[in-house]
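Here is a short walk through one protein model and its ligand. Keep the structure open and follow along.

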Amino acid sequence: MPADSALPPAPDIVRSAYGTLVVTDLAEARHFWVDLVGFVVTEEDSSALYLRGYDELTHHNLIVRAGPVAAAGALGFRVRSDSDLARAEAYYAALGCRTQRLPAATVRGLGEVVRVEDPLGFLVEFFASAAHPERLQQRYDLRRGAEVARLDHFNISVPDVPKAQAYYAGLGFGLSETIEDEQTVYAAWMYRKQTVHDVAFTGGGGPRLHHLGFFAHEAHSVLRMCDILGSLSLESHIERGPGRHGVSNAFYVYLRDPDGHRMEVYTSDYYTGDPDHPVLRWSVHDPRRRDFWANPVVPSWYSDASVVLDLDEAVRPVTELAQTAEVTVGADGFTAPSPAPPE
Ligand SMILES: O=S(=O)(O)c1ccc(O)c(O)c1
Ligand SMILES: [Fe+2]
């Protein structure tokens, strides 16, 4: 990767805005994401759903589209202006990445989009303009399920966390929290909007999408989501939690959709907008880091993630973890952690 100084200016990314999931049964997926979780349908046709949360003022936070293999498609970032689309093309070309400029409305509800295979192997899309559907922020009468407000973050599984951290730092992302020891950074959380993260890295085989994090305003929405699934004997969709994260301080639950794609209902993290915002570094030996009450992290949360597509819709090969695995070191409630080093 060329030194940052040799690169043209990076696009000005405002926030993580939408994820794209390929599902093998669209009707089954619609039941999960719309009927159960409660997303609003902005538009739909026989091949795709365009879904948004109740706070989202652009066209969608999630595209769910039918395909032969369950996989993650593009991760969508909002950029500040149209000129950032040209910046994105030049920036990624200088990184040696394949890019495409898509005419307006190629991605439903958006203006022109620059689609890129990024250096970590993920498909990302940059958009500056979007349609504004009906504003639903105060339509409490319509809210259902987890009452999802908007997309909050992408969590990606990567074989080399420091490489991912350096790449996103080059895009101007701030660092809010890490999990580390003297030898390794096991996970990191980075942001453009002024909260804990727009993107986070989980050490593991990659490129894979670990989860899409969706913000809800109230902790009771996390609990209500779990109660709804229990009432319907669909508790198998609940993978991890509910609980309180150590990192981010958010209250959370993780669900798996019918194809195994992971989503998080996430609420109550914190502000990171000051220029000197200090990084919070967690010891990998601290059992409270991933669940503040030290409830165990289930093994599947570390092992499972969604494969990702490239510009040609082919599934990307997965490179195995290239650093020490957190589960072999950390206190996760299911492995005997190695003794903490002497103080
Ligand atoms: O499990 S962690 O506390 O590390 C965590 C923190 C924030 C997240 O969004 C997440 O998915 C996981
Ligand atoms: Fe998350």
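Start at Gly-243, which sits in strand S15. Is this residue buried or exposed? Gly-243 counts as buried because its relative accessibility is 0%, and the cut-off for buried is under 20%. Keep in mind that the model is predicted. Now look along the chain from Gly-243 to Asn-295. The two residues are 52 positions apart in sequence. Their C-alpha atoms are separated by 8.0 Å.

Stay in the strand for a moment. S15 covers residues 238-244 and also holds Pro-242. The peptide bond that leads from Gly-241 into Pro-242 is cis. Its omega is near 5°. Most peptide bonds are trans. Where does Pro-207 lie? Pro-207 belongs to the loop between strand S13 (199-203) and strand S14 (208-216).

Next comes the ligand. Which residues come closest to ligand 1? They are His-197, His-211, His-245, Tyr-254 and Arg-290, out of 14 residues that surround the ligand. Sorted by class, this shell has 6 polar, 4 charged and 4 nonpolar residues. The space that ligand 1 takes is the largest cavity.

For Arg-290, an N or O atom of the side chain is 2.8 Å from a ligand 1 oxygen. For His-211, the corresponding distance between a side-chain N or O atom and an oxygen of ligand 1 is 2.9 Å. For His-153, a polar side-chain atom lies 3.0 Å from an oxygen of ligand 1. How much of the ligand does the protein cover? On its own, ligand 1 has 320 Å² of accessible area, and the protein covers 100% of it.

Now check the backbone angles. Most residues other than glycine have a negative phi. Ser-248 is not a glycine, yet its phi is positive, about 85°. Find Ser-248 in the loop between S15 and strand S16 (251-256). With a relative accessible area of 1%, Ser-248 is buried. Ser-268 also has a positive phi, of about 70°, without being a glycine. This serine lies in the loop between strand S17 (262-267) and strand S18 (280-283). Is Ser-268 buried or partly exposed? Ser-268 is partly exposed, because its relative accessible area is 32%, and that value falls between the cut-offs of 20% and 50%.

Strand S17 also contains Met-263. The relative accessibility of Met-263 is 0%, so this residue counts as buried. Compare its position with that of Pro-296. Met-263 and Pro-296 are 33 residues apart in sequence. From C-alpha to C-alpha, they are 18 Å apart in space.

Move back towards the N terminus and helix H1. The helix spans residues 26-36. At its start, a side-chain oxygen of Asp-25 reaches to within 3.1 Å of the backbone nitrogen of Ala-27. Which residues of H1 are buried? Leu-26, Ala-29, Phe-32, Trp-33, Val-34 and Leu-36 are buried. An α-helix has 3.6 residues a turn, so residues three or four places apart point the same way. After the helix comes Gly-38, with a positive phi near 100°.

Thr-58 is in the loop between strand S3 (48-52) and strand S4 (62-66). Thr-58 counts as buried because its relative accessibility is 2%. Its side chain makes a polar contact of 2.6 Å with the side chain of Glu-56. Asp-82 lies in the loop between strand S6 (75-79) and helix H2 (83-94). Is Asp-82 buried or exposed? Asp-82 is exposed, because its relative accessible area is 53%, and exposed means over 50%. Finally, relate Asp-82 to Ser-129. They are 47 residues apart in sequence, and their C-alpha atoms are 7.6 Å apart in space.

Technical notes. Residues numbered from 1 in each chain as written. Chains lettered and ligands numbered in written order. Predicted model: local features only at pLDDT ≥ 70, side-chain atom pairs only at ≥ 80, totals over all residues. Heavy atoms only, no water. Near = heavy atom within 4 Å. Polar contact = N/O pair within 3.5 Å; in protein donor to acceptor, adjacent residues only side chain to side chain. Areas by Shrake-Rupley, 256 points an atom, 1.4 Å probe, with all protein chains shown as cover. 1 Å grid on protein atoms, 1.4 Å probe; cavity = no way out; pocket = protein on both sides within 12 Å on 5 of 7 lines; lining within 4 Å. Sits in = over half its atoms within 2 Å of the grid points. Nonpolar A, V, L, I, M, F, W, Y, C, P; charged D, E, K, R; others polar. Helix = DSSP H or I, 4+ residues; strand = E, 2+ residues; numbered from the N terminus. Buried < 20%, exposed > 50% of the residue type's maximum accessible area, 1.4 Å probe, protein only.
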